[in-house]
Amino acid sequence: MGKRRGHGEGSIYQRQDGRWEAKAPIAPGAAGRARRSVYGRTRREVVDKLRVLQTQAANGAVPDERVTVEAHVTAWLKAKRATVRPGTHVRYEQLVRLHIVPGLGRKRLARLTPRDLQNFYGTLLEAGSAPRTVGNVHRVLHAALKEAAQWGLVTQNVAALVSPPRPPRAPMRTLTAAQAGDLLKAATDERLEALYVLALHTGMRKGELLGLRWNDVDLKAQTLHIQGSLQPIPGKGLQVVEVKTESSRRQIRLGTASSEALRRHRVRQAQERLRAGETWTDLDLVFPNTTGRPTHPGNFLRRDFDPLLKRAGVPRVKFHELRHTCATLLLGEGVHPKIVSELLGHSDITVTLNLYSHVLPTMQQQAVDTLDGLLSEPMVVKEVVNNASE
């Protein structure tokens, strides 16, 4: 089971799951001898954590056992409102309200254990929650408990000791080059033709396209800047907000097809604006609705994108999979992953490589064939010269 415990270490033992647990009184003179547990992957780790707890107790900074999980996550959500995007905060709030509070809300925060979380995740799965949802719940709990430890409410983040269920990776669907061409042909002269051209030629996200402003487009230089994304804001409707990362804030060079499509679109939009007259709201959007207001993403998919797929006779892919199609086609043609990563606005090239690993075998074969051609040429020339000298 382990070495004999040292003086003041309390009860230390290895659990059946392989982790170590230490229990010790934190207020020896108090009625009932209040005890706390800490957990770790090694005996040394729990001893160190226990000493921190005992030091806190000696300094009168013992975590308050009256604080519940619900009280903490509610305070944490309020604090996060100023540091995350509105859409992200909405998703956090939904996970807290629908899952965390009903399942764990009444538990004392300082007494929450890894087993509590593991059982909670199992209960969610048995009730029909998808592994991806449970994984999102875990990430929210991990973040909230991490701050609880930083605020001195708990001695450690017990969520760090628990592994959430791993969701099955959904197969990535993409269009072939021929199918992408059929889609663009079907979109010719459509009101949003330029949007589809940009989606397939640049890999821009739906929110980035619907939030694009003419002020961010320079057709003379054939460039555009991604600075915002259209997002639903609780209580405020659809608004263009700043993109969430520095890598997402990027410049994209436009090819001839994209530039020409945007020029045609600007002329078409000017005519549309004249027809709308006083009902037009000028928000400088490149792809607004017919009165200049933000295009509702759901309406766009239902009224425009899905019917276009049907007319084009191509597979029913999600709009986001046009972005995957762009990346897959570029990588398949040998474009360096770093260039594709920058085009898509990924935070790191490893994100690109992990997402599109299915294209790598083709790239490797191209590399092998290229080297065969480069390195065998001198040998052929040498043989010809030798034969001629004979």
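Reader: Where is Lys80 found?
Author: In this model, which is a predicted one, Lys80 is found in helix 2.

Reader: And is Lys80 buried or exposed?
Author: Lys80 has a relative accessible area of 18%, and because buried means under 20% relative accessible area, Lys80 counts as buried.

Reader: Which residues does Lys80 touch, if I skip the ones up to four places away in sequence?
Author: Leaving those sequence neighbours aside, Lys80 touches His89 and Glu147.

Reader: OK, so how do helix 2 and helix 3 cross?
Author: Helix 2 covers residues 69–80 and helix 3 covers residues 86–104, and their axes come within 10 Å and cross at roughly 175°. An angle over 145 degrees counts as roughly antiparallel, so helix 2 and helix 3 are roughly antiparallel to each other.

Reader: Let me move along the chain. How do helix 6 and helix 7 cross?
Author: The axes of helix 6 and helix 7, the latter being residues 193–202, come within 9 Å and cross at roughly 160°, which means that helix 6 is roughly antiparallel to helix 7. The crossing of these two helices, helix 6 and helix 7, is left-handed.

Reader: What makes the contact between helix 6 and helix 7?
Author: Helix 6 brings Ala180, Leu183 and Leu184, while helix 7 brings Tyr196, Val197, Leu200 and His201. By class, the contact of helix 6 with helix 7 has six nonpolar, one polar and no charged residues.

Reader: What about helix 6 and helix 10, at what angle do they pack?
Author: Helix 6 (residues 177–186) and helix 10 (residues 297–312) pack at an angle of about 115°, with their axes 9 Å apart. That makes helix 6 roughly perpendicular to helix 10, and the crossing of helix 6 and helix 10 is right-handed.

Reader: Which residues make that contact?
Author: On the helix 6 side they are Asp182, Leu183 and Ala186, and on the helix 10 side Leu308, Leu309, Arg311 and Ala312. The classes in the contact of helix 6 with helix 10 are five nonpolar, no polar and two charged residues. Leu183 of helix 6 is named in this contact, and Leu183 is also named in the contact with helix 7.

Reader: Switching to strands: in what order do the three strands of the open sheet run?
Author: The three strands form an open sheet in the order 4-5-8, and the pairing is antiparallel. Strand 4 (217–218) and strand 8 (250–253) are the edge strands, and each pairs on one side only.

Reader: Over how many bridges do strand 5 and strand 8 pair?
Author: Strand 5, which is residues 223–226, pairs with strand 8 in the antiparallel sense over four bridges, and His225 stands opposite Gln251 in strand 8.

Reader: Last one, how many helices and strands are there in the protein chain?
Author: There are 14 helices and eight strands in the protein chain. Of its 390 residues, 40% are buried, and of the contacts in the chain with a separation of 6 or more, 59% are between residues 24 or more positions apart.

Conventions. Residues are numbered from 1 along each chain as its sequence is written. This is a predicted model: local features need pLDDT of at least 70, side-chain atom pairs count only at pLDDT 80 or more; totals for chains, interfaces and linings use all residues. Side-chain values use heavy atoms; hydrogens and water are left out. Axes are lines fitted to C-alpha atoms, for helices over the stretch in contact, and angles run from 0 to 180 degrees between N-to-C directions. Angles under 35 degrees count as roughly parallel, over 145 as roughly antiparallel, 65 to 115 as roughly perpendicular and the rest as oblique. A crossing is left-handed if the near helix is turned anticlockwise from the far one by less than a right angle, and right-handed if clockwise. Contact means heavy atoms within 4.5 Å. Ala, Val, Leu, Ile, Met, Phe, Trp, Tyr, Cys and Pro count as nonpolar, Asp, Glu, Lys and Arg as charged, and the others, Gly among them, as polar. Two strands pair if DSSP finds at least two bridges between them. Buried means under 20% relative accessible area, exposed over 50%, partly exposed in between (1.4 Å probe, protein chains only).
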